[in-house]
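Morning, everyone. Please have a look at the model on the screen, and then I'll walk you through it.

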Amino acid sequence: MKINQFENEAVNFQITKSSNFQIKEMKLEIITPDKKLFEGTAKSLVVPGSEGSLGILNNHAPMIASLKKGTVKITDDNSQVQKFEIKGGVIEVLKNNIIVLAE
Amino acid sequence: MANLKEVRNRITSVGSTMQITSAMKMVSAAKLKRAQDAIVQMRPYADKLKEILQNLSASLDTSENAYARNTEGKNVLFIVISSNRGLAGGFNANVVKKAWSLIRNEYADSKCSVLCIGKKGNDAFRKTEYHIHGTDLPHHLNELFDHLDFEHVAPVAEKIMHAFVTNQFDKVYLVYNQFKNAAVQNAVAERFLPIETQSGAAGQSKAQVDYIFEPSKEFIVSDLIPRSLKTQFYKALLDSHASEHGARMTAMHKATDNAKEMLRDLKISYNKARQAAITNEILEIVAGAEALNG
């Protein structure tokens, strides 16, 4: 009985460890020179890259991309969609931290 | 001894002046708070932009960029940022003085032009030979302070950058009051264009992350440089705006103090005059009574 419990704990530990490794959501900030447009978590993100739309999910590889005029579309944890109009900018993706510098 | 009525009139006039100055002080304090907030708001943006740009330019030669064209040309443009309203202590005088000293000393052998942002600076340079002409830049930008946000400032910065790229000017400087705190402003001249191309050594020390660049490093750098220039220009304006309100607040605070001091002195001399008049009157009455008795 006791051994079983111990094993269970070990399994649990492994699960928590792996789920830590695979973060479900991304931290996202949209900053303009005048104010912070958005700060929070998001499930997915679509931005207007200067050579075509870019979709970003969690665990994206580190990336810096320039953006053109268009709409930033955020899907948050409850699958609610938010949209922001930007005139251009740049996006930095690093370890599930996303910063959009928009104009 | 001063006339009683005269002194009384002066007391009322000094009193109402004091009311005005202390009201102006309070208005400036509120506006200063908002102007400072705007600076704080834009800081994360500016910092991040700088970080990314440094990250990129560490491995790239930016000296080829159009904004880095560093010639020995003699066409210098000073962008003098002042305010639209006065009564702000030495705020406008300092920045105009700074611009004059640059024109007369450091750039005496260059062809200088001055573009004024703000009415007070424009008044100082409007009738001089340095006032900007013969370019497609606007002659003054007084209305910029009515709506001081990035949306309105960015097109102005673009025009100035365009004038530089098309060889109308070889150097562009921003002359403005840098905001230190509510009481201290420094009139500074900051190089706007050409941009300083930093050597790669500065950015190298940081741990490099292997980024994907979309579409390409070169493209992003050439896209980011104008952005960071616009941000720099905007920051100078915000700084100057906050300085203006800080300077006015300090000036009005001093004016209120002076008025208080003056009011105290006037009240003393009013009371003295009143007392002297009463003494005189009693003396007359007593003298009159004495004359009747005698």
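This is a predicted model: local features need pLDDT of at least 70, side-chain atom pairs count only at pLDDT 80 or more; totals for chains, interfaces and linings use all residues.

Residues are numbered from 1 along each chain as its sequence is written, while chains are lettered from A and ligands numbered from 1 in the order in which they are written.

Chain A has 1 helix and 9 strands. Those are DSSP runs, numbered from the N terminus: helices are H or I, at least four residues, and strands are E, at least two. Of 103 residues, 26% count as buried. Buried means 20 or more other C-beta atoms within 10 Å of the residue's own; exposed means 12 or fewer, partly exposed is in between, and C-beta atoms are placed from the backbone.

Now the interface. 21 residues of chain A are in contact with 22 of chain B. Contact means C-beta atoms, placed from the backbone, within 7 Å. On the chain A side, β5(A) gives the most, with 4 residues.

How do β5(A) and β5(B) run? They run parallel, joined by 3 bridges. Two strands pair if DSSP finds at least two bridges between them. A65(A) stands opposite E214(B).

Last, E129(B). This residue sits in the loop between α3 and α4 of chain B. Why is E129(B) exposed? Because 9 other C-beta atoms lie within 10 Å. Its C-alpha is 9.1 Å from that of C112(B).

Definitions and conventions:
Two residues are in contact if their C-beta atoms, placed from the backbone, lie within 7 Å.
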